Amino acid sequence: MSEPLLSVSGLRVSFPGAGWRARDHEVLHGVDLRIEAGRTHGLVGGSGSGKTTLGRAILGLVPVAGGTITFDGHPIHAVGGRRRRRLSRDIQVIFQDPFTSLNPSLTIGDTLAEPLLAQHRSAREARARVAALLDAVALPADAMGRLPREFSGGQRQRIAIARALAIGPRLIVCDEPVSALDLTTQRTVLDLLQEVQRTTGVAYLFVSHDLAVVRHVSDVVSVIRRGEIVESGPAAQVTERPQHPYTRRLLLSAPVADPAAQRVRREAYRREFAGTET
Ligand SMILES: Nc1ncnc2c1ncn2[C@@H]1O[C@H](COP(=O)(O)OP(=O)(O)OP(=O)(O)O)[C@@H](O)[C@H]1O
Ligand SMILES: [Mg+2]
């Protein structure tokens, strides 16, 4: 098998416990994950299962207590300072909330130019790149001079995508990137992410609690429960023939639009999980 772009192995992350001399509280208990270049790896699990923490560990935003994270063959779980800043060229992030992830006092043009200027591109080069980025995410060129508050949630998420793409990353951690959007806007943003992947070859770690969304965009899906991966495999296999009861539960508890199908689903859930803890 070829070398993956990103490889997480035996990853453990702990947070300090609350209170005086409280014990550390481990939230990832030895997580393994591989992301291939140019592919989408979906990560699903319930609230508090550790999805965001795993993404933040990859981005170097939480300390790693054990295990390794390797990017492009190099260990990155313990790098800091200049090397970590250089890594941000390759690994970028899109957060869930488009209303807090953009600096409210910067114009869109300045927001998008910032990472380019930090890479010592000339102002002229940055300007041309910003125009190309806005075009790539289907926003009008005059967006450049406007502030985030003048845009809708879906448009802001497009801006966040443009910002993540600005310096040509190879991996983007997408943490619930469409969860705050209505269904139609979700679809256009997901289509945009896929289009971007086709044209740039960027890989995604796509975090969501929504199996339907993950199934739609992922090549591979991992299911995380209480800090452990319980199942991982090709998206179709994991979402259509789940092996682990937790995955089946996630599938059966996802809402469906059709009331008749929803009834069948509810019955199946009851049969399978009657009397068990959720
Ligand atoms: N900075 C922190 N300090 C202490 N505990 C934390 C911190 N960040 C996360 N946790 C804990 O780690 C666990 C996993 O949290 P995480 O945010 O990774 O879950 P999640 O799967 O992203 O959930 P959600 O779907 O709600 O976003 C939770 O029990 C949470 O309380
Ligand atoms: Mg989260």
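1. In this predicted model, a polar side-chain atom of T52 is placed 2.8 Å from an oxygen atom of ligand 1. T53 also directs attention to the ligand: one of its polar side-chain atoms lies 2.6 Å from an oxygen atom of ligand 1. For S49 the contact is made by the backbone, with an N or O atom 3.2 Å from an oxygen atom of ligand 1.

2. On its own, ligand 1 has 630 Å² of accessible area, and the protein covers 58% of this.

3. The residues that surround ligand 1 are F15, V27, G46, S47, G48, S49, G50, K51, T52, T53 and E176. Sorted by class, this shell comprises 7 polar, 2 nonpolar and 2 charged residues.

4. Which helix gives the most to the shell around ligand 1? The answer is helix α1, formed by residues 51-58, which supplies 3 residues.

5. Turning to helix packing, helix α3 (residues 108-118) packs with helix α5 (residues 153-165). The angle between them is about 25 degrees, and their axes are 8 Å apart.

6. Angles under 35 degrees count as roughly parallel, and α3 and α5 are therefore roughly parallel to each other. The crossing in which α3 passes α5 is right-handed.

Conventions: Residues are numbered from 1 along each chain as its sequence is written. Chains are lettered from A and ligands numbered from 1 in the order in which they are written. This is a predicted model: local features need pLDDT of at least 70, side-chain atom pairs count only at pLDDT 80 or more; totals for chains, interfaces and linings use all residues. Side-chain values use heavy atoms; hydrogens and water are left out. A residue is near a molecule or strand if one of its heavy atoms lies within 4 Å of it. A polar contact is a pair of N or O atoms within 3.5 Å; within protein, one must be able to donate a hydrogen and the other to accept it, and residues adjacent in sequence count only if both atoms are side-chain atoms. Accessible areas come from the Shrake-Rupley method with a 1.4 Å probe; for residues, only the protein chains shown count as cover. Helices (H or I, at least four residues) and strands (E, at least two) are DSSP runs, numbered from the N terminus. Ala, Val, Leu, Ile, Met, Phe, Trp, Tyr, Cys and Pro count as nonpolar, Asp, Glu, Lys and Arg as charged, and the others, Gly among them, as polar. Axes are lines fitted to C-alpha atoms, for helices over the stretch in contact, and angles run from 0 to 180 degrees between N-to-C directions. Angles under 35 degrees count as roughly parallel, over 145 as roughly antiparallel, 65 to 115 as roughly perpendicular and the rest as oblique. A crossing is left-handed if the near helix is turned anticlockwise from the far one by less than a right angle, and right-handed if clockwise.
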